[in-house]
Amino acid sequence: MANTPYPESYYAASANAVPPRPALQDDIETDVCVIGAGYTGLSSALFLLENGFKVTVLEAAKVGFGASGRNGGQIVNSYSRDIDVIERTVGPKQAQLLGQMAFEGGRIIRERVARYNIQCDLKDGGVFAAMTAKQMGHLESQKRLWERFGHTQLELMDQRRIREVVACDQYVGGMLDMSGGHIHPLNLTLGEAAAVESLGGTIYEQSPAVRIVRGANPVVHTPQGKVRARFIIVAGNAYLGNLVPELAAKSMPCGTQVITTEPLGEELAKTLLPQDYCVEDCNYLLDYYRLSGDKRLIFGGGVVYGARDPANIEAIIRPKMLKAFPQLKDVKIDYAWTGNFLLTLSRLPQVGRLGDNIYYSQGCSGHGVTYTHLAGKVLAEALRGQAERFDAFADLPHYPFPGGQMLRTPFAALGAWYYGLRDKFGY
Ligand SMILES: Cc1cc2nc3c(=O)[nH]c(=O)nc-3n(C[C@H](O)[C@H](O)[C@H](O)COP(=O)(O)OP(=O)(O)OC[C@H]3O[C@@H](n4cnc5c(N)ncnc54)[C@H](O)[C@@H]3O)c2cc1C
């Protein structure tokens, strides 16, 4: 059977040691079968185990193989579309509930790291950097909006102040969120997987779910085994393929690329990001970066619609890095990789039930580190019969991409090109 390894990322090279996990080779029974061992799957498993469910996780490759083990590591609050957009789309009542949850994911991560002693280089502080006066205006409204929902750890920064936290001349100002921050994303998933096992959960690796037989007693088939469960949670996100055709129609896998420099040394690292905050700019096609625990610069950006892997990632991302930090022109790139996130047309998460025992959450469209942790809690609440918060997400409307599966990629790329141009000319 295929043995799918991690991509050759900095995270895989610096991952904490973990025991090997077997592939499923039996017929077993469980309360909940979770498909996918990324943040969504592992967070669901943890909340369910803490509430007395028996849980089995099936992972097609390895724990954290997907976006959760490859991302920029930035803990960003709220959703890919903010609460004001939700308010305009679905009305104030649902927006109120979703707004109250918008800052919970970051708290869940910190609780998990503390309770299970997860070694993942957790650092506090995230910066949203404005490239234009218009973007600065958006940040001012965002601060007012987030404060309306009880978030108090925000500071607006003018051009002088942002230069104290980021040695980059591109920004006119920004906003610092001290409840944002960053982590080694793969080590967070590995720690969460160990926590799942410490509570009696079972994780099978190299065990893709290849078929779901639906019904009152659903069964998930893998190449060499099957799991009978009372409930199934589908958490395969951009790597799920067509296992659940209803979900594939309203979402699209997209690639984004990350590079990592050689270690910069304490001194140079400190000149770039003196407080070790992470940074993302406010463009539609945004750049994001931060320092690693061993003081490399981890820099990501760009989107490939349809998730084709670009041939030369360094050629795409290094110029973006040098635009922000020309002083790194002689620094070597040690790692470059790509990962897929799942885009929905509204850029809001796609959450719901199929029948009364298959649950799913996916498609958080780029900002998923915090949301996926919240999703696990909300899914677990729904399985325990408290579905009010789950339903607030499940009621968000979703539509197929224009052009269907054939033309959705060029149409989305066209849309992004348009927004990219607007960013470039400061509209
Ligand atoms: C390069 C990159 C950078 C990013 N940077 C950030 C960032 O800095 N901050 C932020 O908030 N968000 C970021 N994101 C988004 C964030 O990483 C994701 O939203 C989040 O990790 C999604 O988690 P998930 O568990 O839903 O999916 P994934 O982590 O993709 O996990 C899905 C898992 O399911 C498995 N799977 C799929 N199909 C099956 C099957 N049939 N059977 C069994 N297993 C299956 C996969 O192998 C995979 O391990 C980034 C994404 C990428 C790709």
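The model is predicted, so local features are taken at pLDDT of at least 70 and side-chain atom pairs at pLDDT 80 or more, while totals for chains, interfaces and linings use all residues. Residue numbers start from 1 along each chain, as its sequence is written.

Where they touch, 34 residues of domain 1 are in contact with 31 residues of domain 2, contact here meaning that the C-beta atoms of two residues, placed from the backbone, lie within 7 Å. On the domain 1 side, α1 (10–13), β3 (74–75), α3 (83–90) and α4 (92–101) each supply at least two residues. Helices (H or I, at least four residues) and strands (E, at least two) are DSSP runs numbered from the N terminus. That side of domain 1 has 12 nonpolar, 16 polar and six charged residues. Ala, Val, Leu, Ile, Met, Phe, Trp, Tyr, Cys and Pro count as nonpolar, Asp, Glu, Lys and Arg as charged, and the others, Gly among them, as polar.

Now for the ligand. Both domain 1 and domain 2 give residues to the shell around the ligand, so it lies between them. The shell holds 44 residues, the closest being Gly36, Gly38, Gly66, Gly72 and Gly368; a residue is near a molecule if its C-beta atom, placed from the backbone, lies within 6 Å of it. The elements giving two or more residues to this shell are α2, β11 (252–261), β15 (333–343) and α12 (369–383). By class, the shell divides into 21 nonpolar, 21 polar and two charged residues.

Helix α2 (residues 39–50) also packs on helix α8 (residues 185–198), at an angle of about 30 degrees and with the axes 9 Å apart. Axes are lines fitted to C-alpha atoms, for helices over the stretch in contact, and angles run from 0 to 180 degrees between N-to-C directions. That makes α2 roughly parallel to α8, a label for angles under 35 degrees, with those over 145 called roughly antiparallel, 65 to 115 roughly perpendicular and the rest oblique. Tyr39, Leu42, Ala45, Leu46 and Leu49 of α2 meet Thr189, Glu192, Ala193, Ala195 and Val196 of α8.

The axes of α3 and α4 come within 7 Å and cross at roughly 150 degrees, which makes α3 roughly antiparallel to α4.

Conventions
Domain bounds come from an automatic or database domain assignment.
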